[in-house]
Amino acid sequence: MTEKIKILMIDDHPMIIEGYQNTLLFTKKDNQELIIDIANNCDEAVRSMDKSVELDLPYDVLFVDISLPPSSDGSMTSGEDLAEYARKILPNAKVIILTMFNESFRIHNIIKTIDPEGFLIKSDLTSSELASAFQAVLNNPPFYSGTVNSFIRKSITNDIVIDDKNRKILYLLSQGVKTKNLAPHLDISLSAVEKRKKQLREIFEVNDGQDETLLREARKTGFV
């Protein structure tokens, strides 16, 4: 019996989508029929998802690139927003995240907010891994690529517990944001930022007060 699998691929690079399509079509199982739709931006993706619900032909699998141009109304700014939207209107769809981002904070945030059935870092990706990920997500999710698995292993084996705001402080510092400019990103006061940085220096046993020293120690344990 043929299994029809309805797929939406969301990426703003047509050549990348073409590569994904060719890989899946070439490696699909004999009893699988793949119906693949394409969206190159947030607006197209939302329209496709909404239409699939209206027609009662929901997608089975979504391939979602994180870096996308924002929607025309500004309500969607990335693939993360699209994935969260998909969770609401397509609760049975399996979400596969693809991204160039490999920072620990971004990986942690995506796993926590989206909990995708598949999570692939593009720099890890090969045709065979994409094919394996697709079949694994259909039959025995989740499937995470090497970089994501490495982050998860570090997180599990690490005794250090850092909350989301402290993770974000480390991430923003690693992106070159100065301490005086952190507060607006975190919705807390500058004094609260300073207290949190003090906690982080104590956690990582940093005594010189230098942000780069803090980041170096955080990198060693996979928090940046």
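What covers the buried residues of helix 10? In this predicted model, the cover over those residues includes helix 7 as well as helix 9, which spans 190–203. Helix 10 itself runs over residues 211–220, and its buried residues are T213, L214, L215 and A218. Just after helix 10 comes G222, whose phi is positive, at about 80°.

On the side of helix 4 the contact is made by F105, R106, H108 and K112, while helix 7 brings D164, R167, K168 and Y171 to it. Sorted by class, the residues of this contact comprise 5 charged, 2 nonpolar and 1 polar.

Another pairing joins helix 1 (residues 14–27) with helix 5 (residues 127–139), whose axes come within 9 Å and cross at roughly 65°. Because angles from 65 to 115 degrees count as roughly perpendicular, helix 1 and helix 5 are described as roughly perpendicular to each other. The crossing in which helix 1 passes helix 5 is right-handed. Here Y20, T23, L24 and T27 of helix 1 meet S127, L130, A131, F134 and Q135 of helix 5, and this contact has 5 nonpolar and 4 polar residues, with no charged residues.

Technical notes. Residues numbered from 1 in each chain as written. Predicted model: local features only at pLDDT ≥ 70, side-chain atom pairs only at ≥ 80, totals over all residues. Heavy atoms only, no water. Contact = heavy atoms within 4.5 Å. Helix = DSSP H or I, 4+ residues; strand = E, 2+ residues; numbered from the N terminus. Nonpolar A, V, L, I, M, F, W, Y, C, P; charged D, E, K, R; others polar. Buried < 20%, exposed > 50% of the residue type's maximum accessible area, 1.4 Å probe, protein only. Axes fitted to C-alpha atoms, helices over the stretch in contact; angles between N-to-C directions. Parallel < 35°, antiparallel > 145°, perpendicular 65-115°, else oblique. Left-handed = near helix turned anticlockwise from the far one by under 90°.
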